[in-house]
Amino acid sequence: MSTTGATADPLAALGALPGVAESVESVRKAVDRVYGHRVMRRRSNAVTSEAALRGARGSAALSGADWALEEVRRRSDFGADDEARAVGAALRLTAEAGQLLSIWRQSPLRVLARLHLVAAAAGGDEVGRPRQAGERADEPLIELPLPDADEVAGRLEGLAQLVIAGSQAPALVTAAVVHGELLALRPFTTCNGLVARAAERIVLIGSGLDPKAICPAEVGHAELGRASYLAALDGYVSGTPEGMAAWIAHCGRAVELGVRESTAVCEALQRGAA
C-alpha cells in the first residue's frame, strides 16, 4: 500500500483523496436506507442470513465457482470438485467472520490465519500461515506479479499495525485497503481471494457501518464482474492516488449493490414471498 504522504494516519490520508469522500457518503446513505426498512425492525435475522448466503455465492463466483443462488442453497456436498470446494469455503468463511470480530482489532494476523484454515479445510503445514520462501500462491484468476515471502511478511505486519493502531478513516477506506492489500500479496498458498473478501466483510461489520451484516459487498463485486474487479485491483497495486481512489470507489459501489440486494430481500419478506 502506498499513500500520498507520510502521515500518522495513512488510511485517513487515503480518505482525503479526490472522489473518496463522495463514495463514502454514498455508501453511508445507502446503508442507512436499508437499515431503516420496516422489515429490519422485525426480521433482521432473516435478512442477515440471506445476505450471508448471497455474499458467499458472490465471493465464490469471483473465485471461479459461479453457481446459481438456489444451487448454493440446496447443496450439502462441497467436496466433489474445485468449484464445489470454493463454494463450501466461501460459506464457511461467511459463517466464521462473525465469530472473529472481537479478535480482529487486537490480532488481525491471527484472524487471517484462522480464515485461511477455515477456507482450506485441509491438512498440511502450509495451511493457516503465510507463504514461505519458494512457495507459490494458487490464485489463477489474479495474474499480478507475486510478491516474495519477505515482502509478504513485511507488508502483512504493516497492515496489522494499521489495524491495531486504529484510524479516523471511514470504514469503507479501511475495508478497501485490507481487501486490496490481501489480493495484492496473496499471502497464502490457496484461497487468497476468498480470505480477502471475508476480511473486508469483517471490517465493514466490526466498524459499525454494517453491524448486522446485511450489506454483502461480495454480491456487488460479483455483479460488477471479474474484469472490473481486476481492473480496479490494478489501480490499487499501482499505488497512485488515482488508482487507490478508483479501488476504494469500486469497493464502495460493491457495498451499494450489496445494499440493493438486501433491500430486495426486505421487500420480498414484506410481501411474504421469501
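**Reading salt bridges in a predicted helical chain**

Modeller: With 274 residues, a compact globule would have a radius of gyration near 19 Å, and the protein chain agrees with this at 18 Å. The radius is taken over C-alpha atoms, and the globule rule is 2.2 Å times the number of residues to the power 0.38. This is a predicted model, in which local features need pLDDT of at least 70 and side-chain atom pairs count only at pLDDT 80 or more, while totals for chains, interfaces and linings use all residues. Residues are numbered from 1 along each chain as its sequence is written, and side-chain values use heavy atoms, with hydrogens and water left out.

Biologist: How many helices and strands does the protein chain have?

Modeller: Helices (H or I, at least four residues) and strands (E, at least two) are DSSP runs, numbered from the N terminus. The protein chain has 13 helices and zero strands.

Biologist: What share of the residues counts as buried?

Modeller: Buried means under 20% relative accessible area, exposed over 50%, and partly exposed in between, with a 1.4 Å probe and protein chains only. Of the 274 residues of the protein chain, 53% are buried.

Biologist: How many salt bridges are there?

Modeller: Side chains of opposite charge can pair when their charged atoms come close. The criterion for a salt bridge is a side-chain nitrogen of Lys or Arg within 4 Å of a carboxyl oxygen of Asp or Glu. By this rule the count is 16.

Biologist: Which residue forms a salt bridge with Arg260?

Modeller: The partner is Glu223, with the closest N and O atoms 2.2 Å apart. Glu223 belongs to helix 11 (residues 217-224) and Arg260 to helix 13 (residues 241-271), so the pair ties together parts that are 37 residues apart in sequence. Glu223 is partly exposed at 43% relative accessibility, and Arg260 is partly exposed at 46%.

Biologist: Where do Glu151 and Arg155 lie?

Modeller: Both are in helix 8 (residues 149-165), four residues apart, about one turn of the helix. Glu151 is partly exposed at 35% relative accessibility, as is Arg155 at 23%.

Biologist: Is Asp66, which pairs with Arg57, buried or exposed?

Modeller: Asp66 is exposed, its relative accessible area being 58%. The salt bridge between the side chains of Asp66 and Arg57 has an N to O distance of 2.9 Å.

Biologist: Which residues are linked in a network of salt bridges?

Modeller: Such a network links Glu50, Arg54, Glu70, Arg73 and Glu261.
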